[in-house]
Amino acid sequence: MDAASQALPHTVDALRSALATALGRAADVEADLAAERAERSADRALIAHLKLQILKLNRERFGPRSERTARLLDQLELQLEDLEASASEDELAAEQAAAKTTRVASFERRKPSRQPFPADLPRERVVEPAPTSCACCGGTRLAKLGEDVTETLEVIPRQWKVIQHVREKFTCRDCEKISQPPAPFHVIPRGLAGPSLLAMILFEKFGQHQPLNRQAERYAREGVPLSLSTLADQVGACAVALKPIHDRIEAHVLAAARLHGDDTTVPVLAKSKCDTGRCWVYVRDDRPFSGPEPPAAVFYYSRDRRGEHPRTHLATYSGILQADAYGGYGELYAAGRKPGPVTEALCWAHGRRKFFELADIAGAARKKARGKADVVISPMALEAVQRIDALFDIERDLNGLTADQRLAARQDLSKPLLDDLHAWMVQERGKLSRGNDVAKAMDYMLKRWDAFTRFVDDGRVCLTNNAAERALRGIALGRKSWLFAGFRSRRPARRLHVQPHRHGET
């Protein structure tokens, strides 16, 4: 055998050793990169989590910092959701990469402390089979020392069932008369759905903003085909069954000494076009002035925004109405109105917003970053916002006090600020032209100054109309799901009629 043949096995072994070393180094490098990616993802998720927590704490402690606080919270929560998912994915990838090498330790993400599961949830105890002998010496004399409990949250899938109500018939041997127990109560006469199913359909439709056609598709996938027309009939029948409760809520709301009122648009599908209807809300919330009555809200629908609609809604009301400066409320405030005039109280959040849009430094910076024309920040509008914010700071400490306590504090603290604000606005308004944007914002408040300052003479009045805007939040969220409401009929007796269509309905 020549020397080359003898050296060949040693060369192959050397190549194999070098290849194994290179593969090991490549695995180490891959594991290092995976761990580094997981660490960066974890840091981004942790930063987003801490930002969200800080913003929530500031909101709870100091109240809304700007008009966009609620939307910013929603945006941060969505961002945190994506970052958490990416961080978990990268963490698992780093663990799998580290398992292929013996040098690189697996990455463990620093997660926020997990809150315990609610104590009222039922617990199912599953005891793992205990060892019967010692794993070390094989002895069988084992004594329980303790236990470790690991809790895992689980859900039981929704179950459908048919309840059969059996009514047995009996005949009398003496008189041959047939006897039978009465039929059980049904929410809907001759209805096929039980009360729990009806409640779920209504909650999915109005609480979760899920149109009936999407519900029907989901039920069909679960093996229970329910047609859209059947679900629509159930909703209509439930509306009739719940009408007495609606009337009680309506009477409770309209019996309040002070109401919040507002409206929002509702796209309504009409023939070959989409019209704009209105959804009106009136909210009773006595909690700000420590009122004992529970809060409630009543909603109405109209095909347009004519002033006759709020006049009809509040035909028997004669208390305080907190709303925006919509002209349709004008006849409610008339002195000779029957059963009595409604007292107007305007919303400072609306008045502040007009100045805030002219003093939004962050918004101007974003527009500039997108390449839009430079937005000039008005120092006068900024000062107006700061003066109004001083009133909001006082109100945060008065929330929940009695009406008399709020009135006394406002007279001492808020009234001097209001007088200074009014004098400053009158003085600065004289320096501005009629078409100036800041002048328009000032005119909006100065022309309605008595209604804006109503809160300083009545402890029941709130500074803003945010209660009504919060009540309409569900309508705004629903518009994104159902796009428009049902077909608009030309007959005046009909309101919203459910019609199936491609994008959903309501």
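Modeller: What follows begins with the basis of the description, moves to one helix and its packing, and ends with some individual residues elsewhere.

This is a predicted model, in which local features need pLDDT of at least 70 and side-chain atom pairs count only at pLDDT 80 or more, while totals for chains, interfaces and linings use all residues. Residues are numbered from 1 along each chain as its sequence is written, and side-chain values use heavy atoms, with hydrogens and water left out.

The protein chain has 15 helices and nine strands; these are DSSP runs numbered from the N terminus, with helices (H or I) of at least four residues and strands (E) of at least two. Of its 506 residues, 34% are buried, where buried means under 20% relative accessible area, exposed over 50% and partly exposed in between, with a 1.4 Å probe and protein chains only. Among contacts (heavy atoms within 4.5 Å) between residues at least 6 apart in sequence, 61% join residues at least 24 apart.

The part to examine closely is helix 8, residues 348–356. Two packed helices are described by the angle between their axes and the distance between the axes. The axes of helix 8 and helix 10 (residues 379–398) come within 8 Å and cross at roughly 155°; such axes are lines fitted to C-alpha atoms, for helices over the stretch in contact, and the angles run from 0 to 180 degrees between N-to-C directions. Helix 8 and helix 10 are therefore roughly antiparallel, since that term covers angles over 145 degrees, with under 35 roughly parallel, 65 to 115 roughly perpendicular and the rest oblique.

The residues of the contact divide into 10 nonpolar, no polar and two charged. Here Ala, Val, Leu, Ile, Met, Phe, Trp, Tyr, Cys and Pro count as nonpolar, Asp, Glu, Lys and Arg as charged, and the others, Gly among them, as polar.

Tryptophan 348 also takes part in ring pairing. Rings of Phe, Tyr and Trp (its six-membered ring) pair if their centres lie within 6.5 Å, with planes under 30 degrees apart stacked, over 60 edge-to-face and the rest tilted. By this rule there are eight aromatic pairs. In one of them, tryptophan 348 and tryptophan 449 have ring centres 6.0 Å apart and planes at 75°, so the pair is edge-to-face. Tryptophan 449 lies in helix 13 (residues 449–452), so the pair ties together parts that are 101 residues apart in sequence. Both tryptophan 348 and tryptophan 449 are buried. Ring pairs join Trp348, Tyr444, Trp449, Phe452 and Phe455 into a cluster.

Histidine 350 is another residue of helix 8. With 16% relative accessibility, histidine 350 counts as buried. Apart from neighbours within four places in sequence, histidine 350 is in contact with Asp324, Tyr444 and Glu469.

The axes of helix 4 (residues 212–221) and helix 5 (residues 228–241) come within 9 Å and cross at roughly 120°, which makes helix 4 oblique to helix 5. The crossing of helix 4 and helix 5 is right-handed. Leu212, Asn213, Gln215, Ala216 and Tyr219 of helix 4 meet Leu228, Leu231, Ala232 and Val235 of helix 5. This contact comprises seven nonpolar, two polar and no charged residues.

Most residues other than glycine have a negative phi, and most peptide bonds are trans. Histidine 209, in the loop between helix 3 (195–207) and helix 4, has a positive phi near 60° and is buried, at 13% relative accessible area. Serine 290, in the loop between strand 4 (273–284) and strand 5 (296–302), likewise has a positive phi near 60°, but is partly exposed at 41%. Lysine 338 and proline 339 are joined by a cis peptide bond with omega about 5°, and proline 339 lies in the loop between strand 6 (320–323) and strand 7 (343–346).

Conventions. Left-handed = near helix turned anticlockwise from the far one by under 90°.
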